[in-house]
Amino acid sequence: MLVAESVMLSFAEASSHSPSSFLKDNRFYFTTTIDDHNELYELSEDGTLKSVYEMDGAMDGVLDMKDDIVMIGMEGQDLQELYTLNLDTVQKQRITTFNIDMFKDLFVSEPEDLTIEKEGVQIKGFVLLPEDYTPGSKV
């Protein structure tokens with residue numbers, strides 16, 4: 001057995017237990033966090049690794065569904081919804097509006113990015129301000 005075949009079989013076994021990976025057309029797909037977002041990567045049998053989709057937010061689960069994949073995602077600062085992603089065209093489409101509908105009449109604070117750097121170390125984060133917050137006041 002070739003090393004690549006052995007690796008792909010190992011990936012097939014691993015992907016059957018992971019909501020963040022799957023095997024399709026002899027390619028292993030998996031999600032990973034890059035800085036402040038998730039990307040979907042493809043590993044082919046010849047060892048080529050490439051990013052095939054970059055989500056502005058989080059991909060919390062991916063599932064192969066024939067032509068498309070279905071994913072649980074948080075795009076931008078929105079709450080989780082279901083999306084389809086066509087791997088050939090790299091076109092994504094939201095297919096649910098659960099959280100949009102549920103929270104349409106409620107205040108949901110938008111995260112404000114925060115970056116702190118000290119002694120050459122950069123830490124990224126965010127802050128959620130209350131609805132009635134006035135700049136300059138104490139929370």
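Predicted model: local features only at pLDDT ≥ 70, side-chain atom pairs only at ≥ 80, totals over all residues.
Me: Does Asp56 count as buried or exposed?
Reply: Asp56 counts as exposed, because its relative accessibility is 55%. Buried means under 20% relative accessible area, exposed over 50%, and partly exposed in between, using a 1.4 Å probe and protein chains only. Residues are numbered from 1 along each chain as its sequence is written, and side-chain values use heavy atoms, with hydrogens and water left out.

Me: Where does Asp56 lie?
Reply: Look in the loop between strand E4 (49-55) and strand E5 (57-65). Helices (H or I, at least four residues) and strands (E, at least two) are DSSP runs, numbered from the N terminus.

Me: How many helices and strands are there in the protein chain?
Reply: The protein chain has two helices and ten strands. Starting at the N terminus, the order is α-β-β-β-β-β-β-β-β-α-β-β. Of its 139 residues, 27% count as buried.

Me: Which residues touch the most other members in the largest nonpolar core?
Reply: Nonpolar side chains tend to be buried together in soluble globular proteins. A nonpolar core is a set of buried Ala, Val, Leu, Ile, Met, Phe, Trp, Tyr and Cys residues joined through side-chain atoms within 4.5 Å. Here the largest such core has 13 residues, and Leu40 and Met71 touch the most other members. Two or more residues each come from E4, E5, strand E6 (68-75) and strand E7 (81-86). E4 gives the most to this core, with three residues.

Me: Which residues have a positive phi without being glycine?
Reply: Asp35 is one, with phi near 55°. Asp35 sits in the loop between strand E2 (27-34) and strand E3 (37-43), and it counts as exposed because its relative accessibility is 55%. Val90 also has a positive phi, near 55°. Val90 is in the loop between E7 and strand E8 (91-94), and with a relative accessible area of 37% it is partly exposed.

Me: How far apart are Thr31 and Met59 in sequence and in space?
Reply: Thr31 and Met59 are 28 residues apart in sequence, and their C-alpha atoms are 7.2 Å apart in space. Thr31 belongs to strand E2. Thr31 counts as buried, since its relative accessibility is 17%.
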